Amino acid sequence: MPKIETIVSPALFHLYEKGIEHKNIVVIDVLRATTTICVALANGATEIIPVGTPEEALLFKKDGYLVAAERSGKTVEGFTLGNSPQEYSAHVVNGKKIAFTTTNGTRALQLCRGANKTIIASFLNAAAVAKMLAYEEKNVILFCSGWKDKLNLEDTILAGKIAQHLLPQFELLGDASNLAADLYTFCKDDIAGYLQKASHVQRFKSLHVESDLEVCLQPDTINIVSVYKNGIIA
Ligand code: 3SL
């Protein structure tokens, strides 16, 4: 039976790294990087390149890429695109390639280069992601981007939702997978309400981007599963 492991922080990634070439890794950054990536691709962006720094992103401008950069929740000075999914409408991104850097999400993605397959997950496409994982029947790592190496509630809840989708065909491995699955069960009837205590939701309030929370929690509105391969998400 294939197994599900869960990494609740990028700081723990090294503990799970052995053998990742045989596993599918699901990268999760609900607020907001992987949600924004899903929205941009669903709205017609042709590819997204996650990069480490705003300076690296700017290098892509001369090749016609849109460039986007977020740090600590804010659009980096000099960039018109940040990390709100609401910025990535079809009008803005259809037919475009994007170079993208964020505080946690793009960093987590870059750690996964050696995986069998690296899959981008959000609440918007969670059912489609689970369907692909179930079809492939490979061991899975649910990788939460967290916040600056700390666990966050929203990524752990989505990991739990995907895990619950995969049961009983898959087996939960380790306390982190059980924690995520149980947390999702505990709050699934009112995830937005439960997340009012989340540190990043508090941060959203101080940054006046609360409307992104509702966008990022929409369940299964996108049927596309994007994969990060050879440095490109498409
Ligand atoms: O850390 C990230 O990658 C971002 O998603 C954080 S924020 O939601 O843009 O603040």
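What is the relative accessible area of Lys3?

Reply: The model is predicted, so local features need pLDDT of at least 70 and side-chain atom pairs count only at pLDDT 80 or more, while totals for chains, interfaces and linings use all residues. Residues are numbered from 1 along each chain as its sequence is written, and side-chain values use heavy atoms, with hydrogens and water left out.

Lys3 has a relative accessible area of 28% and is partly exposed; buried means under 20%, exposed over 50%, and partly exposed in between, with a 1.4 Å probe and protein chains only. Its salt-bridge partner is Glu171, with 3.6 Å between the closest N and O atoms. In a salt bridge, a side-chain nitrogen of Lys or Arg lies within 4 Å of a carboxyl oxygen of Asp or Glu. Because Glu171 belongs to strand β9 (residues 171-172) and Lys3 to strand β1 (residues 3-7), the pair ties together parts that are 168 residues apart in sequence. Helices (H or I, at least four residues) and strands (E, at least two) are DSSP runs, numbered from the N terminus. Glu171 is also partly exposed, at 33% relative accessibility.

The structure holds 7 salt bridges. Another of them joins the side chains of Arg107 and Asp149, at 3.0 Å from N to O. This pair links distant parts of the chain, 42 residues apart: Arg107 is in helix α4 (residues 105-111), and Asp149 is in the loop between β8 (140-144) and α6 (153-166). Arg107 has a relative accessible area of 36% and is partly exposed; Asp149, at 33%, is partly exposed as well.

A further salt bridge brings together the side chains of Glu136 and Lys117, with 2.6 Å from N to O. Here helix α5 (residues 126-136) contributes Glu136 and strand β7 (residues 117-121) contributes Lys117, a link across 19 residues. Glu136 is partly exposed at 25%, and Lys117 is partly exposed at 24%.

The loop between β8 and α6 that holds Asp149 also holds Asn152. Asn152 is buried, at 5% relative accessibility. A polar atom of the Asn152 side chain lies 2.8 Å from the backbone nitrogen of Asp155. Such a polar contact is a pair of N or O atoms within 3.5 Å; within protein, one must be able to donate a hydrogen and the other to accept it, and residues adjacent in sequence count only if both atoms are side-chain atoms.

A polar side-chain atom of Thr102 lies 2.5 Å from a ligand oxygen, and an N or O atom in the side chain of His200 is 2.9 Å from a ligand oxygen. Taken alone the ligand exposes 290 Å², of which the protein buries 100%; accessible areas come from the Shrake-Rupley method with a 1.4 Å probe. The ligand is surrounded by 14 residues, with Arg32, Asn83, Thr102, Asn104 and Gly105 the closest; a residue counts if one of its heavy atoms lies within 4 Å.

Helix α1 (residues 33-42) is mostly covered, with 9 of its 10 residues buried. Among the buried residues of α1 are Ala33, Ile37 and Leu41. After α1 comes Gly44, with a positive phi near 105 degrees.
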